[in-house]
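Subject: Structure handover

Hello,

I am passing this structure on to you. Please look through it first, then read the notes below it.

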Amino acid sequence: MTLVDLICGESGIILGRVEDQAVHDCSHQGPCDADVAYWQPQVTWLAEAAALRRYVASYGCEVEGRSEETIRELALWLACGDLRETAEYQDQAE
Ligand SMILES: [Zn+2]
């Protein structure tokens, strides 16, 4: 088991930390809601709620009126998608 940092590419802050399996489960094609809902509570969130909202909003997602839990799920899903694209993660996954 390896822990992976979920990083906001824009600000460089670490949003949270999660097992690498979560990145695999939350970044594939097609519906991913169940995986994201499963992994979100297992993330060690390090960023403040406001920073997570800014991160999600930076992707054009609506954040007004959404619960903190929903924002966290969106942040996890977006960050896992980003990580999946990086060469570093792909090397580890091979
Ligand atoms: Zn999934």
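V23 sits in helix α1. This is a predicted model, and what follows should be read as such. V23 is buried, because 24 other C-beta atoms lie within 10 Å, and 20 or more is the cut-off for that class. V23 and C80 are 57 residues apart in sequence, yet their C-alpha atoms are 4.8 Å apart in space.

D25 is also placed in helix α1, which spans residues 20-25. D25 has 16 other C-beta atoms within 10 Å, so D25 is partly exposed. Leaving aside residues up to four places away in sequence, D25 touches D35 and W39. From D25 to Y38 the C-alpha distance is 9.8 Å, with a sequence separation of 13 residues.

C32 counts as partly exposed because 18 other C-beta atoms are within 10 Å. With residues up to four places away in sequence not counted, C32 touches C26 and W77. C32 and W77 are 45 residues apart in sequence and 8.3 Å apart in space, C-alpha to C-alpha.

The remaining notes concern helix α3.

Helix α3 covers residues 49-57, and the buried residues in it are L52, Y55 and V56. These three lie on the same side of α3, because the arc they cover around the axis is only 95°.

What do the buried residues of α3 pack against? They pack against β2 (14-19) and α4 (68-85).

How do α3 and α4 lie relative to each other? Their axes come within 9 Å and cross at roughly 55°. The two helices are therefore oblique to each other, since an angle counts as roughly parallel under 35 degrees and as roughly perpendicular from 65 to 115. The crossing in which α3 passes α4 is left-handed.

Which residues meet where α3 and α4 come together? On the α3 side they are A49, L52, R53, Y55 and V56. On the α4 side they are E68, I71, R72, L74, A75 and L78. By class, this contact has eight nonpolar residues, three charged residues and no polar ones. L52, Y55 and V56, the buried residues of α3, are among those that meet α4.

Regards

Notes: Residues are numbered from 1 along each chain as its sequence is written. This is a predicted model: local features need pLDDT of at least 70, side-chain atom pairs count only at pLDDT 80 or more; totals for chains, interfaces and linings use all residues. A residue is buried if 20 or more other C-beta atoms lie within 10 Å of its own, exposed if 12 or fewer, and partly exposed in between; C-beta atoms are placed from the backbone. Helices (H or I, at least four residues) and strands (E, at least two) are DSSP runs, numbered from the N terminus. The arc is that of the directions from the helix axis to the C-beta atoms. Two residues are in contact if their C-beta atoms, placed from the backbone, lie within 7 Å. Axes are lines fitted to C-alpha atoms, for helices over the stretch in contact, and angles run from 0 to 180 degrees between N-to-C directions. Angles under 35 degrees count as roughly parallel, over 145 as roughly antiparallel, 65 to 115 as roughly perpendicular and the rest as oblique. A crossing is left-handed if the near helix is turned anticlockwise from the far one by less than a right angle, and right-handed if clockwise. Ala, Val, Leu, Ile, Met, Phe, Trp, Tyr, Cys and Pro count as nonpolar, Asp, Glu, Lys and Arg as charged, and the others, Gly among them, as polar.
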